[in-house]
Amino acid sequence: ERLQRLRQRPVTIWFIGLPRSGKSSIAKALERALFDIGLQVHVLHGESLRNGLNSDLGFSGADRWENQRRAAEVARLSNEIGLICIVSTVSPLKADREQAKRIVGGERFLTVYCNAPLSVCEDRDTVGLYKKARAGEIRNVTGIDAPFEPPGNAEILLDTDQSTISDCVQTILRELRARELIKVEG
């Protein structure tokens, strides 16, 4: 009944990529596009999660693992009530992403890899995250002194240094339509 009422299949769209690769900007624009065509959708943004639900976590390996697990559990619950959930988080390790996919359910989990060279991400950094990491002022910054394992199997690859936000959103919408996750035009 929810599927008929909402005109959508519940899905989690899991954005990954280096800090400042465009994940959050594209996720918010996708949320707007889906909302504008009448769908029920929300974004779980990594920074918002860390300021609320995950405020007790740091950036150690164990804390990053738990951060991903909690985000995946919220996404799963959102899907269970029929919502489209967009998660925007670095998700640097393959094992963390696989855990998230198991929690949500592989049949309703799409990975969107926002691929951008580190130099581009550093140029986009208006808050000084990378500069502080390079100066040794902060640690465990993905891409500097914490690893990022690029996915080999993302359902959607966005080269965010070469595409506009609008182009990226259109790419995702095409894939959602092709997978019959959304059935309306927009």
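This report describes helix packing, an aromatic pair and several individual residues in a predicted model.

## Helices α4 and α5

Two packed helices are described by the angle between their axes and the distance between the axes. For helix α4, which covers residues 61-80, and helix α5, which covers residues 94-104, the axes come within 8 Å and cross at roughly 25°. Because angles under 35 degrees count as roughly parallel, α4 is roughly parallel to α5, and the crossing in which α4 passes α5 is right-handed.

On the α4 side, the contact is made by Arg64, Trp65, Gln68, Arg69, Ala72, Glu73, Ala75, Arg76 and Asn79, while α5 contributes Ala95, Asp96, Gln99, Ala100, Ile103 and Val104. Sorted by class, the residues of this contact of α4 with α5 comprise 7 nonpolar, 3 polar and 5 charged.

## Helices α2 and α8

Another helix pair joins α2, residues 23-36, with α8, the latter spanning 165-178. The axes of α2 and α8 come within 9 Å and cross at roughly 55°, which makes α2 oblique to α8; the crossing of α2 and α8 is right-handed.

From α2, the residues that make the contact are Ser25, Ile26, Ala29, Leu30, Ala33 and Leu34, and from α8 they are Ile165, Cys168, Val169, Ile172, Leu173 and Leu176. The contact of α2 with α8 holds 11 nonpolar residues and 1 polar residue, with no charged residues.

## An aromatic pair

A pair of aromatic rings is described by the distance of the centres and the angle of the planes. The model has 2 aromatic pairs, and one of them is formed by tyrosine 113 and phenylalanine 148, whose rings are stacked, with 5.9 Å from centre to centre and 25° between the planes. Tyrosine 113 belongs to strand β4 (residues 109-115), whereas phenylalanine 148 belongs to the loop between α7 (129-134) and β5 (156-159), so the pair ties together parts that are 35 residues apart in sequence. Tyrosine 113 and phenylalanine 148 are both buried.

## Around arginine 50 and aspartate 63

Arginine 50 is found in helix α3, which runs over residues 46-51, and with a relative accessible area of 16% arginine 50 is buried. When its neighbours within four places in sequence are left aside, arginine 50 is in contact with Ser55, Leu57, Gly58, Phe59, Asp63, Arg64 and Asn67. The C-alpha atoms of arginine 50 and arginine 64 are separated by 10 Å, and these two residues are 14 residues apart along the chain.

Aspartate 63 has its place in helix α4 and counts as partly exposed at 22% relative accessibility. Not counting residues up to four places away in sequence, aspartate 63 touches Arg50, Leu57 and Gly58.

## Two residues with positive phi

Most residues other than glycine have a negative phi. Asparagine 140, although not a glycine, has a positive phi of about 65°; asparagine 140 is placed in the loop between α7 and β5, and at 31% relative accessibility asparagine 140 counts as partly exposed.

Glutamate 180, also not a glycine, has a positive phi of about 55°. Glutamate 180 lies in the segment after α8, where, at 47% relative accessibility, glutamate 180 counts as partly exposed.

Terms used. Residues numbered from 1 in each chain as written. Predicted model: local features only at pLDDT ≥ 70, side-chain atom pairs only at ≥ 80, totals over all residues. Heavy atoms only, no water. Axes fitted to C-alpha atoms, helices over the stretch in contact; angles between N-to-C directions. Helix = DSSP H or I, 4+ residues; strand = E, 2+ residues; numbered from the N terminus. Parallel < 35°, antiparallel > 145°, perpendicular 65-115°, else oblique. Left-handed = near helix turned anticlockwise from the far one by under 90°. Contact = heavy atoms within 4.5 Å. Nonpolar A, V, L, I, M, F, W, Y, C, P; charged D, E, K, R; others polar. Phe/Tyr/Trp six-rings, centres within 6.5 Å; stacked < 30°, edge-to-face > 60°. Buried < 20%, exposed > 50% of the residue type's maximum accessible area, 1.4 Å probe, protein only.
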